[in-house]
Amino acid sequence: PIGTIYNPFTGIFDGNGYEIKGMRYFHSTIAGRLVTAGFFGYVDDGTILNLTLQATFKVQNTKYNSPVILGGLVGQSKKLNISNCSVNIEATVQGERVAIGGLVGTNSFLFDNYSLTGNGGLNESLVERVVLEDCRVNGSISANGVSNTLGGLVGYGRYLFAKDSINDAMLNGTYTNSDSYNCYGGIAGASRAYVIDGCINNGSIAGGKNVAGIVCDYGTLTT
């Protein structure tokens, strides 16, 4: 992925209408450390526009308490703008404390010891904002484990602004009866503060304990 937590991508990436095909990311570990995956790993104060991406992700983080953050375009971000972008994603993830979005995993920079709060979101003090406009996601996102946060566009977005964007991707996962952190949403898996304008979810959602067509906000249905 482009950008690390210590040297994130900053600036403007203009795809000029081109398509990137055949991106593949395969990762397997038992180290129990945070895995961040995406075309961009980390973006800090960046803009991505006019890009189509076809990508396949397979991540196995099998040790207990092993987090995975994955976004088709961006794994983790701060102050991120994405416009006129399309992602065809096929993602299969095994881990614990998983946040996956077709475009963006999280709009925050997280380390190995990040935690989920008791009401289904990541720690509020860690996060920034993401702005999406005229974007589309299709394909499928699957996760096996506990404390999963899955979203068609964004896994977790503390401050999320989405306009005229569409999710066609299928979301599928597993949970245990005691897994109160599990949230699946057609646009975002979880978000505390958001504006959704003209967005559509056409994707099916299965296997989640807390499920919403648009935003699964801390275990409540929001439309």
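**The salt bridge and its surroundings**

Modeller: Start with Arg-136. Its relative accessibility is 37%, so Arg-136 counts as partly exposed. Keep in mind that this is a predicted model.

Arg-136 has a partner. It forms a salt bridge with Asp-168, and the closest N and O atoms are 2.7 Å apart. The pair links distant parts of the chain: Arg-136 sits in strand S8, while Asp-168 sits in the loop between strand S11 (166-167) and strand S12 (170-173). The two residues are 32 residues apart. Side chains of opposite charge can pair when their charged atoms come close. Asp-168 has a relative accessible area of 23%, so Asp-168 is partly exposed too. How many salt bridges are counted here? The count comes to one.

Now step back to Asp-134. Asp-134 is in the loop between strand S7 (129-133) and strand S8 (136-151). Its backbone deserves a look. Asp-134 has a positive phi of about 55°, and it is not a glycine. Most residues other than glycine have a negative phi. Asp-134 has a relative accessible area of 42%, which means that it is partly exposed.

Asn-50 is not a glycine, yet it has a positive phi of about 60°. Asn-50 is placed in strand S3 (residues 40-61). With 22% relative accessibility, Asn-50 counts as partly exposed. The cut-off explains the label: buried means under 20%.

Go back to strand S7, where Arg-129 is found. At 26% relative accessibility, Arg-129 is partly exposed. Which residues does Arg-129 touch, if those up to four places away in sequence are not counted? They are Lys-78, Lys-79, Leu-80, Asn-81, Asn-107, Tyr-159 and Phe-161. Take Leu-80 from that list. Arg-129 and Leu-80 are 49 residues apart in sequence, but their C-alpha atoms are 6.7 Å apart in space.

Two other names from that list lead to the surface. Tyr-159 and Phe-161 make a nonpolar surface patch with Val-195. The patch covers about 260 Å². Val-195 lies in strand S15 (residues 193-197). Its relative accessible area is 45%, so Val-195 is partly exposed.

Next, look inside. The largest nonpolar core has 48 residues. Those with the most contacts inside this core are Ile-48, Phe-57, Leu-70, Leu-73, Ile-82, Leu-103 and Leu-132. Several strands each supply at least two residues of the core, among them S7 and S8. S1, S3 and S5 are also among these suppliers. The largest share, ten residues, comes from S5.

Follow Phe-57 from that core list. Leave aside its neighbours within four places in sequence. Phe-57 is then in contact with residues including Met-23, Tyr-25, Phe-39, Leu-70 and Ile-89. Gly-71, Gly-72, Ala-91 and Thr-92 are also among its contacts.

Phe-13 is in contact with Phe-39, Phe-40, Thr-47, Ile-48, Leu-49 and Leu-51, leaving aside neighbours within four places in sequence. Phe-13 lies in strand S1 (residues 9-29). At 24% relative accessibility, Phe-13 counts as partly exposed. Phe-13 and Gly-46 are 33 residues apart in sequence. In space they are 7.9 Å apart, C-alpha to C-alpha.

Is Gln-76 buried or exposed? Gln-76 is buried, with a relative accessible area of 0%. Gln-76 lies in strand S5 (residues 74-101). A polar contact of 3.4 Å joins the side chains of Gln-76 and Tyr-42.

The chain has zero helices and 20 strands. Of its 223 residues, 53% count as buried. The accessible surface comes to about 9,000 Å². Carbon and sulfur atoms account for 48% of that surface.

Technical notes:
Residues numbered from 1 in each chain as written. Predicted model: local features only at pLDDT ≥ 70, side-chain atom pairs only at ≥ 80, totals over all residues. Heavy atoms only, no water. Helix = DSSP H or I, 4+ residues; strand = E, 2+ residues; numbered from the N terminus. Buried < 20%, exposed > 50% of the residue type's maximum accessible area, 1.4 Å probe, protein only. Contact = heavy atoms within 4.5 Å. Patch = residues over 30% accessible without salt bridge, like charges linked within 9 Å, V, L, I, M, F, W, Y side chains within 5 Å. Areas by Shrake-Rupley, 256 points an atom, 1.4 Å probe, with all protein chains shown as cover. Salt bridge = Lys/Arg side-chain N within 4 Å of Asp/Glu carboxyl O. Polar contact = N/O pair within 3.5 Å; in protein donor to acceptor, adjacent residues only side chain to side chain. Core = buried A, V, L, I, M, F, W, Y, C linked by side-chain atoms within 4.5 Å.
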